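Here are a few notes to read alongside the model. They start with the strands and then turn to the chain as a whole.

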Amino acid sequence: MSAQSSTASESSSKSGFSWNTIQDRLRDSIVAIQSSHIYVVEDYGIGNSNASGFVVDAEKGIILSNRHVMKPGPSYHKATFFNNIEVYLQPTYYDPIHDFAFYRYDPAELKGFKPKAIQLAPEKAFSGMEFRVLGNNCNEKMSVHSGELSQLDRNPPSLKSGFSDQNIFYIQASSTTDGGSSGSPVVNIEGDAVAMNSAGRIQASASYFISLERAVYALKYIRNGQVPPRGTMQTVFKHVNFTQAEKLGLSIEEAAKQGMDTKNSTGVLTVSQILPEGPAEDKLHVGDILISINDTPITMFSAMAEIIDASVDKEVSICVLSNGQLKHFNVPVQDFYSVTPSRILILAGSVIHDIDDCALVKPNAHKAKDLQTTNIDQVLRSTVKDMVAFLGFDISLLESTYKSLIADSPCAINDIGVLDVEYKAISLEGAMALGVDERHINDIWIDSSDDKKSLFAVKTILQKREDDVESLEVGDVILNIDGQRVKHIDELAGFADRSSVELTIVRDMQEMVVSLPTTKIGHDITRQVVFWAGFYLQEPWRIIKQKTYKIHSQVFSFCSRTASPGNREAQIFQFYITEINDTPIQTMDDLVSVVKQLSSPDAEPFNKAVASNNDSSSGVLPGRDVKIRMVRPNGKDHVITVHTNDHYMPAWRAIRGPEISDEWKMEYF
């Protein structure tokens, strides 16, 4: 090892390479990847993530990153180069099981900027090799982490995060890489990528890099617009050293006798798990030691993969040592893609897809035999036949509870009026300071039924009506309602069958009487909800008005959809929209008018290209770049820019009539 390390250092010295210039040499080839995942597929969740990737073919615009960065299922991705040029990425290929994936971008979108491809050189990795990890650790641009490679033949790590891989070597090293550095190249001093960062244990400062032999294999096909052949026996193998192999019955002498490379390899492959109903079931058994495939001795995952991937839809001859006996079997090799989900069904808010080979190697997968072999086609057929299937319960089950709640109500909810203000309790001393006459204070003290001994003042004006001649103001102290002293705040909550009330108040040290109209609760209902840019928007309702110092517009965002453009860009999710692209927004009609104008004309061609599996769209999503001015309930202004997504998240609104019983109608923009 020392001789190899010395040779590498001497070669680098002669070539003029230096770690001091590694960032300058490679920074233009590293990208920060922002991903948004729309639906749960396999065991990957929805949401936004930040990671890294690197250019492996500059001419054709190919970027390599992790499978867990791209994730299976509907998603959209954007890459930012070191010079801040942004391009949308088109997911091109992810391996059925290994943690690597390829994106494409349109080189013409770089506007003359020409990054250089980083060469993949997994054969140059060796134990003790000094390396650098270049990426966007913790979403910080171009972080550089150093270390030395240690274990080159580690089995894929099993982490609490659910990370899983199989039948491939990982490289272990001590490093401080963290979130955001997934997909970063692990480079030697020559600037070649010998591995790629995949996972780690932060507390132990342990990093796990995926070896790139299979990525090199796949890239040859991706460059030519082809899908790399991938085969599977639906069997998980595990690498064990020769000492462990001897305990399982294979001595190093016997291994050499069978033609296995005992000098340049550190161990052998053993059967770890056999998937139920797979091609190897009833032939291989857990603990069997793999000797050869098609008469080729096997000690490495890469050698096994080369034969299996070249034998799709064929049989291979397997020799294993099982219970001390050499056994030979012919095992069919399945097309790996045939057992990998390629479509999803959204049904009643749930995501359904076929069970994949990956899912069955996760914890508790031993129960997979008990699963009913239903696929999406069967679900579709049953769904079409039975359109009344739903999740939830019949609203009639609530009828008895509802009737008991309103049995003692003096009137229907539509006949209850309120004043559009919020109140607060004040002490008697505070009331006197605001000008309340001493006789009112004495009445409260001698009233034994009034145990609170307080008065109520206006805290917030929720909404002023333009036609009001008289109105309440913040700080007004409420003494009487229609001549009756207010003893409890409940008396201010609502007024049955009354279109107006007469209040005795104290304002600016003066006692006065005001007559105020009430607002019917039944009329203050949500009549319209608009979904746009990932935000759910409607007119502010009473509780929001109570929390807001000032009503800035009649367009309020009450939440955002996970993985939407707005969800990623906005740091807040409850706010008023006051401007879109410098156009004032005050009403929901203003919003709808602007949103309709912003609908992308490119949506239909893009959708057709996706439906026909045409990869010429270069990942540019139909939508618009828009500037949004928003105001938080506390009055603070914010301005954000988002690119709307008219493919996955087209704008729509739900609208109904003035009555609660009116039906909602959907309208897509």
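1. A word on terms before the strands: two strands pair if DSSP finds at least two bridges between them. Helices (H or I, at least four residues) and strands (E, at least two) are DSSP runs, numbered from the N terminus. This is a predicted model, where local features need pLDDT of at least 70, side-chain atom pairs count only at pLDDT 80 or more, and totals for chains, interfaces and linings use all residues. Residues are numbered from 1 along each chain as its sequence is written, and side-chain values use heavy atoms, with hydrogens and water left out.

2. Have a look at β29, residues 500-507. Strand β26 (residues 477-481) runs antiparallel to β29, joined by 4 bridges; there, I478 has I505 as its bridge partner. β29 also pairs with β30 (residues 510-517), again antiparallel, over 8 bridges.

3. At the hairpin of β29 and β30, 2 residues lie between the strands, and D508 takes a positive phi near 55°. R507 sits opposite Q510 of β30.

4. β29 is mostly covered, with 6 of its 8 residues buried. Buried means under 20% relative accessible area, exposed over 50%, partly exposed in between (1.4 Å probe, protein chains only). Across the protein chain, buried residues account for 48% of the 669.

5. On cysteines: C319 is buried at 3% relative accessibility, while C559 is partly exposed at 27%. The structure has 0 disulfides (pairs of cysteine sulfur atoms within 2.5 Å).

6. Overall, the protein chain has 15 helices and 40 strands.
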